[in-house]
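Have the structure open and try each task before reading on.

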Amino acid sequence: MNDTFQRQLYHYSALIFLALIALAPIWVMVATSFKDDVLVQDGTPLWFFFHPTLENYEYILTRGKFDRYLTNSIIVGVASTIITLLLGGFCAYALARLDFKGRALMANSTLLVRMVPPAVLAVPAFAFVTLTGVDSDLAVLTFFYTALNLPFAIWLLFGFYKQIPVELEEAAIVDGASPLQVFFKVLFPLMTSGYAVAAIFTFRIAWNEFILALLLTGRTTRTLPVGAAGFITDTGIEWGRIMAMGTLIVIPPLLFTFFAARQIIAGMTAGAVKG
Amino acid sequence: MTVLTQSRKPRFAAETMTPYTFITPAILVILGGLLYPVFMAFYLSFYDWEIGRDLAKAPFMGVDNFVRMVQDPQVWEVLWVTLRFGFWTITIEMTLGVALALLLEKPIRGASFFRTIFILPLMVSPVVVGLIWRYLFDARIGWINYYLGAFFGIEPQVWLGDADLAFFAIVFTDIWQWTPFIFIIVIAGLQALPSEVVEASTIDGANWYQQVFLVKLPMIKSILVIALLMRLIDVFRGLEVMLIMTGGGPGRATELLSLHIYNRAFDTQQLGYASAISVLLILIVFAISTAILTMANPMKSKSDV
């Protein structure tokens with residue numbers, strides 16, 4: 001009894017220690033975002049303090065173009081997520097359930113295209129911009145994010161389809177349902193957790209991505225990460241403001257984590273553990 | 001259609017048409033947004049195209065860009081930086097992640113809460129990760145210098161201005177962000193092990209070390225290899241954290257291959273040459289991905305069950 005207690009004590013101490021390491025840098029950002037410039041420039045670490053200032057947030061929300069960046073990020077994130085789930089859902093369904101020529105090739109190549117490095121896309125994206133003159137269209141960015149996310153979404157949803165027993169669809173087909181009806185009426189309700197996982201991963205990529213957003217957006221179409229990087233200038237960094245921006249950017253992914261940690265872990269481990 | 005398939009699949013009347021209507025939209029987007037750019041990179045790698053120059057007037061170079069690449073000491077330098085970065089980050093992340101997973105695998109109350117905390121670093125935008133650590137490593141107001149001075153009496157260091165220290169800084173940052181990934185994956189693998197096997201080894205008198213090194217680790221070997229290869233691919237794909245933290249400097253001390261392509265293209269403005277290096281990057285990532293696929297392709301193995 002005593003022995004188990006001691007082991008649990010060690011176990012919890014280790015977990016708490018690790019949790020603090022994971023959290024500390026994020027907390028430093030949040031704390032810095034509530035400091036005025038004098039406090040930041042002082043350089044003495046201050047984890048908690050009594051007079052938080054909102055002036056960094058005030059500056060960002062009123063004098064920067066935060067609302068514009070936020071709107072752009074939400075539009076691109078939501079649009080690319082919905083399109084990715086719809087097209088990816090269709091494709092994964094066909095791969096999991098239907099027989100067709102080229103199925104094996106497609107199943108094999110899906111994971112390969114998933115690995116295309118963003119740096120490889122940078123120059124062609126720039127070429128696209130100079131050739132077409134379209135350099136600040138959110139639709140273009142949405143299209144690239146959809147392409148970037150589709151392979152992983154297809155692969156993830158494929159795994160979820162495979163867990164649904166075929167009998168359900170067979171019954172519907174015998175009753176005369178078309179493939180589309182099977183997809184939306186029979187399978188969709190059973191796939192909600194799969195779509196939730198795919199949605200989180202897709203939205204997160206679109207929300208966080210920087211390189212393509214930098215190349216494909218103009219003054220009015222910048223997304224949040226591009227806006228944040230704009231605070232880095234040759235003359236220095238206004239740490240309070242940029243940390244306030246960083247804190248605001250991190251809020252949605254952190255909320256996802258707290259509400260859907262199980263799904264995120266499922267998506268992360270799906271690649272290695274189930275294979 | 002009379003061919004016997006091992007798998008059970010629902011049969012629709014118009015079976016030859018339907019699958020293609022389901023996959024075509026996704027394929028078109030992937031072709032346009034991923035494969036066309038890759039093709040474009042190959043195409044551009046044969047031209048001397050620079051920012052500000054009309055692409056139609058860019059001179060055809062044949063394989064000159066590739067010849068130049070092979071002889072370019074900068075390319076070799078960043079390849080070496082990338083490999084060193086990969087070696088240190090992956091070795092430390094795997095060791096730490098696996099060790100922690102082995103120590104903490106026993107299910108206890110609150111484990112899921114801690115796991116939620118651990119994946120937070122993975123969810124933070126790379127740009128924000130770069131910003132946070134650039135601040136922490138700042139020479140004048142950074143907290144790392146402060147604590148090193150307060151606890152160990154170490155003089156303030158110009159972390160991001162010194163080649164070795166900057167390299168250490170990006171390795172450290174990567175370890176902070178990605179060790180949880182290994183930890184989470186390995187824990188999932190360990191908890192999925194059939195308990196009979198582990199119990200049997202206990203009955204046979206195996207001690208903790210024997211159990212770890214002779215039973216548990218060998219049984220999750222494929223998980224470990226896949227996790228390692230996934231991290232290796234990320235080493236070749238990532239650039240945003242370094243772009244924000246150091247921009248690749250000082251010199252090229254923290255310039256990974258991906259970041260080098262970006263800097264070549266948009267800093268020195270040699271788009272054609274940057275594309276040639278992109279082709280090299282594509283080939284490297286393709287080789288690693290193929291290795292992963294031959295070991296485990298869930299879409300292939302499960303489809304015939």
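**Exercise 1. Find how many residues of chain A are in contact with how many residues of chain B, and which helix of chain A gives the most.**

Step 1. Count the contacts: 95 residues of chain A touch 92 residues of chain B, where two residues are in contact if their C-beta atoms, placed from the backbone, lie within 7 Å. This is a predicted model, in which local features need pLDDT of at least 70 and side-chain atom pairs count only at pLDDT 80 or more, while totals for chains, interfaces and linings use all residues. Residues are numbered from 1 along each chain as its sequence is written, and chains are lettered from A and ligands numbered from 1 in the order in which they are written.

Step 2. Look for the main contributor on chain A. Helix α13 (residues 239–274) of chain A gives the most to the side that touches chain B, with 19 residues. Helices (H or I, at least four residues) and strands (E, at least two) are DSSP runs, numbered from the N terminus.

Step 3. Sort the chain A side by class: 70 residues are nonpolar, 18 polar and 7 charged. Here Ala, Val, Leu, Ile, Met, Phe, Trp, Tyr, Cys and Pro count as nonpolar, Asp, Glu, Lys and Arg as charged, and the others, Gly among them, as polar.

**Exercise 2. Describe how α5(A) crosses α14(B).**

Step 1. Take the axes of helix α5 (residues 103–114) of chain A and α14(B): they come within 9 Å and cross at roughly 135 degrees. Axes are lines fitted to C-alpha atoms, for helices over the stretch in contact, and angles run from 0 to 180 degrees between N-to-C directions.

Step 2. Name the arrangement. That angle makes α5(A) oblique to α14(B); angles under 35 degrees count as roughly parallel, over 145 as roughly antiparallel, 65 to 115 as roughly perpendicular and the rest as oblique.

Step 3. A crossing is left-handed if the near helix is turned anticlockwise from the far one by less than a right angle, and right-handed if clockwise.

Step 4. List the residues. From α5(A), A:N108, A:L111 and A:L112 meet B:F286, B:S289 and B:L293 of α14(B). The contact has 4 nonpolar, 2 polar and no charged residues.

**Exercise 3. Which residues of α1(B) and α14(B) make the contact?**

Step 1. Helix α1 (residues 18–44) of chain B packs on helix α14 (residues 271–295) of chain B at about 125 degrees, with the axes 7 Å apart. α1(B) is therefore oblique to α14(B), and their crossing is left-handed.

Step 2. Read off the partners: B:V38, B:A41, B:F42 and B:L44 on α1(B), and B:L271, B:G272, B:S275, B:S278, B:V279 and B:I282 on α14(B). By class, this contact has 7 nonpolar, 3 polar and no charged residues.

**Exercise 4. Is α13(B) roughly parallel or roughly antiparallel to α14(B)?**

Step 1. Helix α13 (residues 257–266) of chain B and α14(B) have axes that come within 8 Å and cross at roughly 165 degrees. That makes α13(B) roughly antiparallel to α14(B).

Step 2. The contact divides into 8 nonpolar, 3 polar and 1 charged.
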